[in-house]
Amino acid sequence: MLDILLLLIVALIAVAIVVHTDLFNIVILYSIFSLLCATLYLVYMAPDVALAEAAIGSAFVPMIFIVAISKQREFIVLSRLEDGFLSAGSDGSRPGRGYVILKALCRQYGLKLVLCPSGEEKACRILARSSADIFVYEEDGEYIMEGKGSSLIMERLSHMLIDHEDISLVLTGDDENYD
């Protein structure tokens, strides 16, 4: 009787995982799903499998998902420009055009805009080499925004740059780094 009840609850949670759109809620539901599956394994006399499912499915895998989701909530911009194009205007000056465009892009996707270099120079160097979303530089009087071609955000950014003739978007492959 307990196993039938657990199977019904597992089925309901599986449907809830498919229906939900908030990623954090999905991870929590997945963790609960895994705990219930571990209980089912225990009911069916497989304690070793239950222990593995509880450890891996309800703790380790959700932790990886949460780290990945939290990492994707930042949009990291690497630049060595010093002309105010990416200035946030935090010192009372007017924000730069590049900053305004990228801030609007991040607002649409609910991302936090992280400009490197910033006050946290060391953290930016570590982040930027491995996970910068876009690299901004100037060449022949034109601003170039270089990002991964596989990113869906770059497509939206290309639409936002249509009215800016002096800003170009260059799409690169996923295996290229911004050194």
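This is a predicted model: local features need pLDDT of at least 70, side-chain atom pairs count only at pLDDT 80 or more; totals for chains, interfaces and linings use all residues.
Numbering starts from 1 along each chain as its sequence is written. Local features need pLDDT of at least 70 and side-chain atom pairs count only at pLDDT 80 or more, while totals for chains, interfaces and linings use all residues, and side-chain values use heavy atoms, without hydrogens and water.

Reader: Is Ala38 buried or exposed?
Author: Ala38 lies in helix α2, residues 23-43. Buried means under 20% relative accessible area, exposed over 50%, and partly exposed in between (1.4 Å probe, protein chains only). Ala38 has 7% relative accessibility, so Ala38 counts as buried.

Reader: Which residues is Ala38 in contact with, leaving aside neighbours within four places in sequence?
Author: Contact means heavy atoms within 4.5 Å. With those neighbours left aside, the partners of Ala38 are Ala50, Glu53 and Ala54.

Reader: What separates the C-alpha atoms of Ala38 and Ser58?
Author: Ala38 sits in helix α2. Along the chain, Ala38 and Ser58 are 20 residues apart. Their C-alpha atoms are separated by 8.9 Å.

Reader: Which helix gives the largest share of the nonpolar patch?
Author: The patch is made by Leu2, Leu5, Leu7, Ile9, Val43 and Tyr44, about 520 Å² in area. Its largest share is 4 residues, and they come from helix α1 (residues 2-19).

Reader: What is the relative accessible area of Tyr44?
Author: Tyr44 belongs to the nonpolar patch. Its place is in the loop between α2 and α3 (47-71). Tyr44 is partly exposed because its relative accessible area is 45%.

Notes
Helices (H or I, at least four residues) and strands (E, at least two) are DSSP runs, numbered from the N terminus. Patches are made of residues with over 30% relative accessible area and no salt bridge: like charges are joined within 9 Å, nonpolar side chains (Val, Leu, Ile, Met, Phe, Trp, Tyr) within 5 Å. Accessible areas come from the Shrake-Rupley method with a 1.4 Å probe; for residues, only the protein chains shown count as cover. A salt bridge is a side-chain nitrogen of Lys or Arg within 4 Å of a carboxyl oxygen of Asp or Glu.
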